[in-house]
Amino acid sequence: MSIPELTDVHPAWLPPEAFRAIGSRRTVVRADGPLAETVREEVAQAAARHGGGVTDGGPSDLVLTLSDAEGEDGYAISRRDGVTTVAGGDPAGLLYGFFHVVRLGEAAFEGERPVEHHRPAMRRRMLDHWDNIDVHPVMGQVERGYAGGSIFWADGALRPDLTRVRAYARLLAASGVNAVAINNVNVHATEAHLLTDRLGEVAAIAAEFRPYGIRVHLSVNFASPIALGGLSTADPLDADVRRWWAETTEQVYATIPDFGGYVVKADSEGQPGPFAYGRTHADGANMLAEALAPFGGVVHWRAFVYNHRQDWRDRSTDRARAAYDHFAPLDGQFLDNAILQVKHGPMDFQTREPVSPVILEMRGTRLAVELQVTQEYTGQQRHVCYLAPMWSEILAFENVAEAGDLVAVSNAGDDRYWTGHPLAQANLYAFGRLAWDPALDPAAVLDEWIDLTFARPGESLRRTLHAMMDGSWRTYERYTAPLGVGFMVRPGHHYGPDVDGYEYTPWGTYHFADRDGVGVDRTRATGTGFTGQYPQPWSDVYESLERCPDELLLFFHHVPYGHVLHSGSTVIQHIYDTHFAGAEEAAETRLHWEKLADTGAVDPDLYARVKERLDEQVRCAEEWRDQINAYFFRKSGVPDAHGRHIP
Ligand code: BDP
């Protein structure tokens, strides 16, 4: 086991400098096994660099040891009589405790520290890569990827040098992530073979993640028994099909004993699934769960199932209803190792959505909540959009934080800064931290990221980054689709404004703006009845025009432009005001950054990369402002109360 060192890739939140405090101390590691070996190597490397040491006994400043009391992945940290102690509940806990000490820096070695116990809220803290092996003609190599190509594959083959994957694993472990699905949920023909004749590639990738306690999962195609197995059907109740999955899975575990499991997107956006055979999604998921069970694997079965080829006929065709309509009747029918993976909102990773009623209602099913770290709908890593405040609101809602798993689509690629926009690294970091502890304050998580990434940042850099990032999600919301109505993006690539881009398509993403008003009526009384999928009090809150929160108003209601919000503003004036404000805030964000120029606070290349993205953000925010304002001015005929310029 060796610690990866990459010279041409940004060290993200683990620069050598971040290990100064630990590396200048004497440390004892009292544990054995592969993960303990990783910790020992980490300590040794830090010590070699910063003048400390790893001792076998004798006096020490830091003791890393094991204790049964702390549980899976957990650890305790304390400091007495000049010695800091980390007690891991298991070797993984030891690793997380080690990174906790790294985060604390010097503070870990000062004064006394009463025992603090830490254990993760989510059992599985997982990133899904939407990576393809081949470069897909429309989607590129990484579907919805904004950070270059895949870190796993290049030129149609596994990368010969996987050092970068090891470095990625290390970054993820430092934020608490313990599972990664390595390929796109849309499993194309080439990638389907990862399950069988290309399994060696998965094993090689798993070997890079393993030293950092991360299990590898694979997205599989539901029709694999036909495409790979030569069978005539993929019917989940067919005996041959079940045997094929059982034998194939056995082979997977023979090759990768700690393999995590499968991820499945079925009957969705063209992917095959059990509907073709008149079977339910529980039939499909349970078949795979059974194949995985003998080896302790799990299947993440996605609830993102809807018909993307229908126009709006009646209430039953409301896309927001689809996941619940399909899955709620199946509650209680899924096996224990079948985990239903539900997007956080009922639509599709929009800037603002209510929490999916599937999460609130399916109490008899093991759930994974799915977030999108990759900024498909939140600025595609050209805009600054720190997403932790959004996620923390979602996780604080009702029972969301009780889901066993938190999953997110990764935003990392082979870009030198990992995430295209260097500040988008903070989203990747924050995901892991919030999966570990959903109650963490997003601003405090940002501070962690700043401290680690810029090792000893000056106060002015810290203030600048907070000014740019703390409110950036709300800024982005202000200049894009208003009041929770969603979409309004350009079809296909989803970047930039196109108010009616999806309005007359069969994708189920509408705003229904006309000369009188805007919004989707999802009430029970007069609309699609979607509000009826919520438990109380939310069903009534969302149903009621008076009680529905402003920021979700147009998600649930169709209202006239003169409708008065809780804020006191009318809908139309709110649209104008937020769009002028949002574009202005984008410009201010750039000004904050520009003040850092030539101060030496950040590396010039990184400065330039962020600056180039900010220029684009400012341009695009103005485009959003102008198109949205002009659109609604023309539809409504209502002028801006402040007489500002609307093109
Ligand atoms: C949508 C993306 C699409 C994904 C899909 C999914 O546009 O590329 O395949 O989600 O989650 O938001 O399956």
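In this predicted model, V28 stands opposite T55 in strand 2. That pair belongs to the contact between strand 1 (residues 26-30) and strand 2, which run parallel and share 3 bridges. The briefing covers the open sheet, the closed barrel, the ligand shell and a helix pair.

- The open sheet is made of 6 strands in the order 2-1-3-5-4-6, and its pairing is mixed.
- Strand 2 (53-55) and strand 6 (113-118) are the edge strands, each pairing on one side only.
- On average, neighbouring strands of this sheet are turned by 20° against each other, direction ignored.
- Helix 3 (residues 91-104) packs on the sheet and touches strand 3 (62-66), strand 4 (75-80), strand 5 (83-88) and strand 6.
- The direction of helix 3 makes about 145° with that of strand 5.
- Strands of a sheet pair through backbone hydrogen bonds, in either a parallel or an antiparallel sense.

- A closed barrel is built from 8 strands in the order 7-12-13-14-15-16-17-18, and its pairing is parallel.
- From one strand to the next, the twist averages 25°.
- Strand 14 (residues 261-264) and strand 15 (residues 298-302) run parallel and are joined by 4 bridges.
- V263 has H300 in strand 15 as its bridge partner.

**Ligand shell**
- The residues surrounding the ligand are E143, R144, V185, N186, K265, E269, F304, D348, F349 and E376.
- By class, this shell divides into 6 charged, 3 nonpolar and 1 polar residues.
- The charged class covers Asp, Glu, Lys and Arg, and the shell includes E143, R144, K265 and D348.
- Among the other shell residues are V185, F304 and F349.

**Helix 14 and helix 15**
- Helix 14 (residues 442-453) packs against helix 15 (residues 459-469) at an angle of about 135°, and their axes are 11 Å apart.
- The crossing in which helix 14 passes helix 15 is right-handed.
- On the helix 14 side of the contact are A443, L446 and I450.
- These residues meet R462, L465, H466 and M469 in helix 15.
- The contact between the two helices has 5 nonpolar, 1 polar and 1 charged residues.

Definitions and conventions:
Residues are numbered from 1 along each chain as its sequence is written. This is a predicted model: local features need pLDDT of at least 70, side-chain atom pairs count only at pLDDT 80 or more; totals for chains, interfaces and linings use all residues. A residue is near a molecule or strand if its C-beta atom, placed from the backbone, lies within 6 Å of it. Two strands pair if DSSP finds at least two bridges between them. Helices (H or I, at least four residues) and strands (E, at least two) are DSSP runs, numbered from the N terminus. Axes are lines fitted to C-alpha atoms, for helices over the stretch in contact, and angles run from 0 to 180 degrees between N-to-C directions. Two residues are in contact if their C-beta atoms, placed from the backbone, lie within 7 Å. A crossing is left-handed if the near helix is turned anticlockwise from the far one by less than a right angle, and right-handed if clockwise.
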